[in-house]
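This report describes selected features of one structure. Please keep the sequence and the model in view while reading.

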Amino acid sequence: MHSLVPQVSPVFLPVERSCWTRSACAPNVASMLRYALKRLISLMISLAVASVVIFAVIEVAPGDPASFMLGVNAQEDTLAALRAELGLDVSKVQRYFNWIGGMVVGDFGTSYTYRTPVSQMIADRLWVSLPLALYALTLSTAIAFPVGIYAAARRGKPGDLTVMGATQLGIAVPNFWFAMMLVLIFAINLRWFNAGGFAGWDKGVWTGLHSLTLPAIALALPQAAILARVMRSSLLDILGEDFMRTARAKGLSRRQALWRHGVRNALIPVLTIIGLQFSFLLAGSIIIEQVFYLPGLGRLVFQAISARDLIVVESVVMLLVFAVITVNFLVDLAYAAVDPRLRSRT
Amino acid sequence: MSRNLILGACLSSLVVLAALVSFVWTPYDYAALNIPDKLQPPNAQHWFGTDHFGRDMFSMIMVGARTSIAVALVAVGIGMALGVPLGLTAAARKESWLDELIMRGNDLVFAFPSLVIAILITAVFGAGAINAIIAIGIFNIPVFARITRGAALSLWEREFILAARVSGKGAARISAEHILPNVANLLIVQGTIQFSLGILAEAGLSYVGLGAQPPTPSWGRMLADAQTMVSFAPHLALIPGLAIIVTVLGLNLLGDGLRDWLDPRIRVARA
């Protein structure tokens, strides 16, 4: 799998505003638009290729959904009727375009096993998976920021070394194992939380959040370890910059310089990592949902896999890929908006 | 040599040693059922206790190390074998359509949520160690391609490469003879990191039942089995988890240590 921490160029100078009047700013807007358009085209190509790959992988899957549903003793004409009903009787190319065309207008097809619209099944599950990923993202950021800043401010001192050791350990812990340990301690021994299951949002936001707390912690902690390390190293790079020395020279205290000039500039690479972590959290939640028996997208995928309900697998995977590619696209755009030098690249 | 390097090397070799020894010796037969002795906590006869079938956990952990290492190692091998030539080619033909194609292809694979696709692949083609290796290996390709290209690009600007070109060597020969040896250190470091990520990925896949199939022991599978018994036999979950942590921690420390030791100038932004 890819490296936990994407490479970020270490030097980020504060952005200078070179134009103040509308006419002087115009080329800037144009370059931003050109960059956005370029990225949008590559986003489209990525999505198209991704959809073909997913469709092809599902296509080569052994077994015919219709005969799987009806069993080995089914009559040939019954099978043919079911294939027609499921839209399996047309050519592969036709089927691909039907699938894509349907997805664009929100029609994800009909589940083979449940005979309900896939979009409805996904919408129900999304109410668990999405809040879980966002909850975990919030937790991981809330933990990583202060920890990373603390470590950078105390570089080389015992506090820093402790944090670095702890984050090294945090990266090595598999989140599903950590989840089991949380269940053992907080659900089985202390009985503060339920060991699994989801209470639902209709009993109130707090009840819902309460049942997502252990899964969110399990997801967040390994990510927080990575993020804290990025925050620390990014801040250390910034602290070595000339403008930091200037800030101190003009009379700011260490603390003032750190917060006013250091942290703000260090945030740029950190924000990128947060965007990228979203994809890890979505993927990670698939496994964490198994640990806590949460009725989210992950469980939906596994149930669909065991029932050979391939249309559901196909659509959920495509949706996840779409979410990840789109988030990365938005991060790129936000990044380019903040740092004009990036627009000339790629 | 740094403390990281020594500690990392010790932890990693401990795991590798356990895997190697398991080929010739384990305290008990890892597959032998012994129901009367089931669910024993760690004791003098069974150092890591026994599972719900009375199998010796220590033996299972040793053989499980074999599975984890084999899967992760081959996955890294796939990544290197395909990624490094791609990266070298892209760098040699900088800014050509080939470079563009390779790098766009890389971005595409990068954009996929790797675990989701690994689940898709293993789900469609069937669960098993081979499919887990392929699924993990595919996502190692762009990592190695990108890191090779990045390092090779700056090398191509150097005088000794110019000298090689003047002496009449072609791009392929320069890549193999001059570029590759100079990026080898970087690849070793990245390989160690990908190895540790592969161990984690394998554990995750086999935890959800898509990795090595029984009776082959694997750490992720042991954790999945332990899940329903964690309240009365916590050692079933603790021990395989600690095995994963020791391995991954060891490899990460080894990677960090090697990076500093092999080349202090290499500052991969791996925080």
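In chain A, the axes of helix H9 (residues 242-249) and helix H10 (254-292) cross at roughly 145 degrees and come within 10 Å. Axes are lines fitted to C-alpha atoms, for helices over the stretch in contact, with angles from 0 to 180 degrees between N-to-C directions. Helices are DSSP runs (H or I, at least four residues), numbered from the N terminus.

On the H9(A) side the contact (C-beta atoms, placed from the backbone, within 7 Å) involves Phe243(A), Met244(A), Ala247(A) and Arg248(A). H10(A) contributes Ala257(A), His261(A) and Gly262(A).

## Basis and confidence

Residues are numbered from 1 along each chain as its sequence is written, while chains are lettered from A and ligands numbered from 1 in the order in which they are written.

The average pLDDT of chain A is 81, and 89% of its residues score at least 70. Over residues 1-18 of chain A, however, the pLDDT is below 50. Where pLDDT is low, the predicted coordinates should not be read in detail.

## The meeting of chains A and B

Contacts join 46 residues of chain A to 41 residues of chain B. H12(A) (310-338) supplies the largest share of the chain A side, seven residues.

## Contacts of one residue

Leaving aside residues up to four places away in sequence, Ala179(A) touches Pro215(A), Ala218(A), Ile288(A), Val291(A) and Phe292(A).

Key. This is a predicted model: local features need pLDDT of at least 70, side-chain atom pairs count only at pLDDT 80 or more; totals for chains, interfaces and linings use all residues. pLDDT is the predictor's confidence in each residue, from 0 to 100. Two residues are in contact if their C-beta atoms, placed from the backbone, lie within 7 Å. Helices (H or I, at least four residues) and strands (E, at least two) are DSSP runs, numbered from the N terminus.
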